[in-house]
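The protein is shown below.

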Amino acid sequence: MGNEKFTKGEWRAVVNEPLEDDHICDVYDEHNNCICECFSHGYWGEERGITEAQKEANMHLIAAAPEMYYCICDALTDLEMSEGMRKYFETVLKKARGEE
């Protein structure tokens, strides 16, 4: 740990009321800063095969990402595991940090 460039702290997903034709989901940090947005029109629309339920699920997954990251870090430190699993976890963490 310590190489993270992402926004620190807890993240939360918020599903907003539809605005005209757009359905927006947001992820906020613990200081209420918007980390990412998902719109339902154009590129993100269902014509691309992404349903409203999938967009909401994606936002919840994104919001859980920091906790999952630190969970993997803790597992690497605290748990016994095969060398293959250790390398896999390390690769996933590098991907999350943009190093892979």
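## Strand pairing and the sheet

Strand 2 (residues 25–29) and strand 3 run antiparallel and are joined by 4 bridges, where strands are DSSP runs (E, at least two residues) and helices are DSSP runs (H or I, at least four residues), numbered from the N terminus. Within this pairing, Asp26 has Glu37 of strand 3 as its bridge partner.

The open sheet is built from 3 strands in the order 1-2-3 with antiparallel pairing, two strands being counted as paired if DSSP finds at least two bridges between them. Strand 1 (11–15) and strand 3 (34–38) are the edge strands, each pairing on one side only. Neighbouring strands are turned by 20 degrees against each other on average, direction ignored.

## Helix packing

Helix 1 (residues 52–78) packs on this sheet and touches strand 1, strand 2 and strand 3, contact meaning heavy atoms within 4.5 Å. The direction of helix 1 makes about 165 degrees with that of strand 1; axes are lines fitted to C-alpha atoms, for helices over the stretch in contact, and angles run from 0 to 180 degrees between N-to-C directions.

## The largest pocketHelix 1 gives the most to the lining of the largest pocket, with 5 residues (on a 1 Å grid over the protein atoms alone, a pocket is an open set of points where a 1.4 Å probe fits, with protein on both sides within 12 Å along at least five of seven lines, and lining residues have an atom within 4 Å of a point).

## Basis

The model is predicted, local features needing pLDDT of at least 70 and side-chain atom pairs pLDDT 80 or more, while totals for chains, interfaces and linings use all residues. Residues are numbered from 1 along each chain as its sequence is written, and side-chain values use heavy atoms, without hydrogens and water.
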